[in-house]
Amino acid sequence: MFTTVFSPSDLMQTPVGRICLSWYLRYDTYVAFLGSFPPGLPDEYIDSMISHYRKKTTEDPQSVEYAVADRFATVRSISRSQALLYARRNRDQISLEDFKKEHALLTERLREYRSGWNPMLRDPKYLVTDFGGKQPDPDDVVNPYEPGILYDFPIFNTILASSEWHSIMIMHLLQGVGYSSDRDAIYAEIVEHAYAACRHYATLQRWPHTPKGVMIQQQAVFQTAAIFLPRDDRNRMWIRKTQAYCESMGYVCSCYTVVNNHVCVC
Amino acid sequence: MGLLPDTPSTAQVVPTTSGQNRGYSPPQEEDSRSSPSDSTATSIGINVMPYDPADFPMHPDGKPDRSHLPPDYQRHLAWFDENITSFHYGISNDIEGFEKIIPQMALHNEALLNAVVGFAAYLSTVQNPNGKVQDFLGYYNKSVSLLISLLQNEKYNVATLMTVLQIAAIEVR
């Protein structure tokens, strides 16, 4: 239906087209990951989106909005490549050696994406450093008041992109851990990303200016990260309290999650 | 609150007038990587109308007249205006005015209207300690019924696509 309502050439010409693409992409990639098949939307649509925002950022290099949109387009492109690689692996359409090579290339792309963000989107003048003197609760496992990740508007979006990146890294590293010769190092890195994602969630939860809907959007990131926190009593209790908060907003937390063919119990 | 009465909404559905097919048929791939969704609409005999902005005129200040809608629809749409953002849809980078355009588009399509109202009713219900699930299920059920009817009998257009996505916004949480 999507490819008949919109062509790649006219998709990005109207707000409705751009909205539908952003909206549809969320499900296209999600379903591809879950179903282990390639994303349904042809690459021409993603290429159209990327070239549209690249052109806009070139025409208006001071525009924060277009820089954010360009960043979004880049990570969506990487996510599609991930979905395709995992689908090929799960269908035995790629050799183990080629999978390891392409997985490593994608890891590098993800790291470059993170380090290559437009400096405008990390402008320290917008960094939130004043949390009113608040301190973490005794049972917090992360410090939601530690400066460094939360930016005020107009670049508030950066914390969301950062949170998403940690979540993507967790899933990506997990896909390759079974083929690695140094599983302990990879699991250690996954745990680092998990703590970072949880810190992002807790910071957003405690900041009084977090826009409506953000915490609902961030629930998936938290659920992914929570699986990989070390299993001690303190972490368990913090996870359960945070899940109760999620449920109070209407999110149903399953007591177990199947990740990479392993059942993980929260 | 029970299901909504089975009468059509008073919202006027603007028929699409565009007859030009500007749809896109992706090149067919021979390998087995094709997903089930690769089949084009024409292969199963369904007529899909390309998006034409003229079919969905937007109110210049984003505040169209909703007085012709039932009071409960107006109430939920007003709640939508006040409380729902693009973040509720999982979209972090909204530079298009996502949450303004969706309810305006909904006024042109009854299935989308019920899906949007259902979404607003759902979110307001879960935030209400005394909320009842049937408060939003009525709109959701009506939207799904109308969508099924559209899929079986009529041409698809962008509003059909958006109805599917809007219903998915409730389903995939």
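**Reading rings, helices and cysteines**

Biologist: I am looking at Tyr89(B) and Phe119(B); are these residues buried or exposed?

Modeller: Tyr89(B) is buried, and Phe119(B) is buried too. Buried stands for under 20% relative accessible area and exposed for over 50%, with partly exposed in between (1.4 Å probe, protein chains only). Please keep in mind that this is a predicted model, where local features need pLDDT of at least 70, side-chain atom pairs need pLDDT 80 or more, and totals for chains, interfaces and linings use all residues. Residues are numbered from 1 along each chain as written, chains are lettered from A and ligands numbered from 1 in the order written, and side-chain values use heavy atoms, without hydrogens and water.

Biologist: How do I read a pair of aromatic rings?

Modeller: Such a pair is described by the distance of the centres and the angle of the planes. Rings of Phe, Tyr and Trp (its six-membered ring) pair if their centres lie within 6.5 Å; planes under 30 degrees apart are stacked, over 60 edge-to-face, and the rest tilted. Over all chains, the count is 19 aromatic pairs. Tyr89(B) and Phe119(B) form a tilted one, at 4.9 Å centre to centre with 45 degrees between the planes. Tyr89(B) lies in the loop between helix 1 (71-83) and helix 2 (98-106) of chain B, and Phe119(B) in helix 3 (residues 110-126) of chain B, so this pair ties together parts 30 residues apart in sequence.

Biologist: And what kind of pair do Tyr122(B) and Phe136(B) make?

Modeller: That pair is edge-to-face, because the ring centres of Tyr122(B) and Phe136(B) are 5.0 Å apart and the planes are at 70 degrees. Tyr122(B) belongs to helix 3 of chain B and Phe136(B) to helix 4 (residues 134-153) of chain B, so parts 14 residues apart in sequence are tied together. Tyr122(B) is buried at 11% relative accessibility, and Phe136(B) is buried at 9%. In chain A, ring pairs link Phe2(A), Phe6(A), Tyr24(A) and Tyr45(A) into a cluster.

Biologist: How many helices and strands does chain B have?

Modeller: Chain B has 5 helices and 0 strands. Helices (H or I, at least four residues) and strands (E, at least two) are DSSP runs, numbered from the N terminus. Of the 173 residues of chain B, 48% are buried.

Biologist: Which residues of helix 1 of chain B are buried?

Modeller: Asp72(B), Tyr73(B), His76(B), Leu77(B), Phe80(B) and Asn83(B) are buried there. Seen down the helix axis, the buried residues of helix 1 of chain B fall within an arc of 145 degrees (taken from the directions from the axis to the C-beta atoms), so they line one face. Pro71(B), Arg75(B) and Glu82(B) are exposed on the other side of helix 1 of chain B. The buried residues of helix 1 pack against helix 2, helix 3 and helix 4 of chain B, where contact means heavy atoms within 4.5 Å.

Biologist: How many disulfides does the search find?

Modeller: A disulfide is a covalent bond between the sulfur atoms of two cysteines. The test is a pair of cysteine sulfur atoms within 2.5 Å, and the whole structure gives 0 disulfides over all chains. Take Cys198(A): the closest cysteine sulfur, in Cys246(A), is 10 Å from its own, too far for a bond. Cys198(A) is buried at 0% relative accessible area, and Cys20(A) is buried at 0%.
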